[in-house]
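Hello,

Here is the structure we talked about passing on. Please have a look, then read my notes below.

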Amino acid sequence: MGKLLIPNFKKGGRMLSRNKDTDYLALSARIHAMEGRLLTRDRMDRMIDAREESEALKVLTECGYGGAEGLRAQDVERVLATARAETFQELSTAAPDPRVVDVFRLKYDYHNAKVLVKAEAMGIDAGRLLLDGGRVPASGLAENYQKEQLGGLSLRFQSAIREARETLAASHDPQLADLALDRACYEEMAQLARDLDSRFLQRYVQLLVDVANLRTAVRVHRMGREPEFLRQVLLPGGSVSEQSIAAARGENLGDLFHTGGLAQAAELGAKLAQPGAGAMTDFERACDDAVTAYLASERRVPFGEEPVVGYLYAREAEFTAIRTIFAGRAAKLEGDVIRRRLRETYV
């Protein structure tokens, strides 16, 4: 199994960051140059409007996707997976503290854990659903999971896997098992941000929790479920407490988030938080756009962890946009329909 990268400095049993923003000077300059190859709105439009599939695929070469020449649309997912793994590996190696990148890699570890726990319960092979890009290679995690040798993982990850397995065995509810892993994932992200002593990352993780809780609240209200159920499935660590969200009526969700970056998304969500309400497309997009806006607001910071975090988020958003475009083209959707499904860009 791949080993976690562990810095040599510790205090009180917890790893602390001693890096200064100037330690990121060279990497930040490199990233600002790399931003020129990100998928812009103009490039998206060219992909959407391309008459031939080959024309759309050529845009990927402009964005630095090696081997994209001569691709077919069915090869895109493989190219994106390779690009994701290479991006994480490159920046983990170059960053003064690789835990900045681990904030993004965590979710792939936890995704793979969800897959392994449910595959085990169903007696099926999890292989094709595993994703590389986490702190631990997917194949290594799967192998060690089968052998019940999880000692190379973080203690929180280990305990979350055990909890998810026990929860699924007792309840037969995969959503509850997923919730145990989601809680641990956000807790690890928040702890990494604190250990790195980064206010920027701490606010970023807090915003992610707020987005997750707002989406959950809207969906639960649309299902007509009781507040007690909502209280059980909300995540800790957001700017708005779980208790406040669970106690609010669906139409009042906008009031809880009216002062932050999620104001517009919450207003849209409040209008949809009832059974039989309209489509969630605009609401979901507004949630994602709020995160992009937060990171883009710090894009011009000359050096520090901000350019690294922003670039990592932009690459992941780029992967999603490429999938959306090619899926829309394959479905013969009108260009305007595809565009409505795309999020705001980082650049």
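This is a predicted model: local features need pLDDT of at least 70, side-chain atom pairs count only at pLDDT 80 or more; totals for chains, interfaces and linings use all residues.

Residues are numbered from 1 along each chain as its sequence is written, and side-chain values use heavy atoms, with hydrogens and water left out.

Helices are DSSP runs of H or I with at least four residues, numbered from the N terminus. Axes are lines fitted to C-alpha atoms over the stretch in contact, and angles run from 0 to 180 degrees between N-to-C directions.

H13 (residues 263-272) packs on H14 (residues 281-296) at about 155 degrees, axes 8 Å apart. The two are therefore roughly antiparallel (over 145 degrees). Ala265, Leu268, Gly269 and Leu272 of H13 contact Asp282, Phe283, Ala286 and Cys287 of H14 (heavy atoms within 4.5 Å).

H9 (residues 199-223) and H15 (residues 305-330) pack at about 30 degrees, axes 9 Å apart. So H9 is roughly parallel to H15 (under 35 degrees). Phe200, Leu201 and Tyr204 of H9 meet Glu305, Glu306, Val309 and Tyr313 of H15.

Asp21 sits in the segment before helix H1 (25-34). Leaving out residues up to four places away in sequence, Asp21 touches Phe303 and Gly304. Asp21 and Ala169 are 148 residues apart in sequence and 46 Å apart in space, C-alpha to C-alpha.

Best wishes

Technical notes: Angles under 35 degrees count as roughly parallel, over 145 as roughly antiparallel, 65 to 115 as roughly perpendicular and the rest as oblique.
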